[in-house]
Amino acid sequence: MLTTYDPKEVKIAWNGIDLSDAFAPDTFITITRMEDGFAPTAGASGTIARTRNANRMGQIDITLMQNAAANNLLAAAALLDESALAEVLSVITITDPSGSVDFVIATDAWIRKIADVELGADYGTRTWNFDCADLTIVG
């Protein structure tokens with residue numbers, strides 16, 4: 001069955017901020033669980049058992065063009081969270097209609113730190129690292 005992937009159809013939002021308007025030209029989203037789902041143990045006689053890991057923490061890295069309007073909104077949210085005046089935790093959602101990933105949802109997602117800034121002769125990017133308390137990937 002033929003399918004078509006269109007990066008313009010990928011949608012991502014966090015804390016009411018649309019992060020889909022200015023993705024970087026190469027890899028623009030990386031989604032990772034922080035720990036394995038199971039830990040295997042082999043006994044001396046070869047018996048295998050596994051332990052289910054209840055930790056569903058994850059990390060989502062989003063790379064935007066340096067001119068993306070979302071960069072200023074994310075920086076403001078990160079600074080507010082760092083100031084301890086307010087906790088800035090929100091749901092992050094990612095959808096991809098092409099079917100490579102049906103959807104991703106993470107509850108209680110926060111910005112780990114303000115994106116690094118690099119300036120050079122060419123147009124640059126900003127990568128935002130989100131930690132997530134409960135990361136679910138479907139698809």
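This is a predicted model: local features need pLDDT of at least 70, side-chain atom pairs count only at pLDDT 80 or more; totals for chains, interfaces and linings use all residues.

User: How many helices and strands does the chain have?

Analyst: Helices (H or I, at least four residues) and strands (E, at least two) are DSSP runs, numbered from the N terminus. Here the chain has one helix and nine strands, and their order along the sequence is β-β-β-β-β-β-α-β-β-β. The C-alpha trace spans about 60 × 50 × 30 Å along its principal axes.

User: What share of the contacts links residues 24 or more positions apart?

Analyst: A contact means heavy atoms within 4.5 Å. Of the contacts in the chain with a separation of 6 or more, 64% are between residues 24 or more positions apart.

User: What percentage of the residues in the chain is buried?

Analyst: Buried means under 20% relative accessible area, exposed over 50%, and partly exposed in between (1.4 Å probe, protein chains only). In this chain of 139 residues, 32% are buried.

User: Which residue forms a salt bridge with D131?

Analyst: A salt bridge is a side-chain nitrogen of Lys or Arg within 4 Å of a carboxyl oxygen of Asp or Glu. The count by this rule is two. In one of them, D131 pairs with R112, with the closest N and O atoms 2.5 Å apart. This pair joins distant parts of the chain, 19 residues apart: D131 is in strand β9, and R112 is in the loop between β8 (103–111) and β9. D131 counts as buried because its relative accessibility is 9%, whereas R112, at 37%, counts as partly exposed.

User: Which residue is the salt-bridge partner of D116?

Analyst: The partner of D116 is K113, and their closest N and O atoms are 2.6 Å apart. D116 has a relative accessible area of 52% and is therefore exposed; K113, at 36%, is partly exposed.

User: Which residues form a nonpolar patch on the surface?

Analyst: Patches are made of residues with over 30% relative accessible area and no salt bridge; like charges are joined within 9 Å, and nonpolar side chains (Val, Leu, Ile, Met, Phe, Trp, Tyr) within 5 Å. Accessible areas come from the Shrake-Rupley method with a 1.4 Å probe; for residues, only the protein chains shown count as cover. The patch consists of V91, F103, I105 and V138, with about 270 Å² of accessible area together. V138 lies in strand β9 (residues 125–138) and, at 31% relative accessibility, counts as partly exposed.

Technical notes:
Residues are numbered from 1 along each chain as its sequence is written. Side-chain values use heavy atoms; hydrogens and water are left out.
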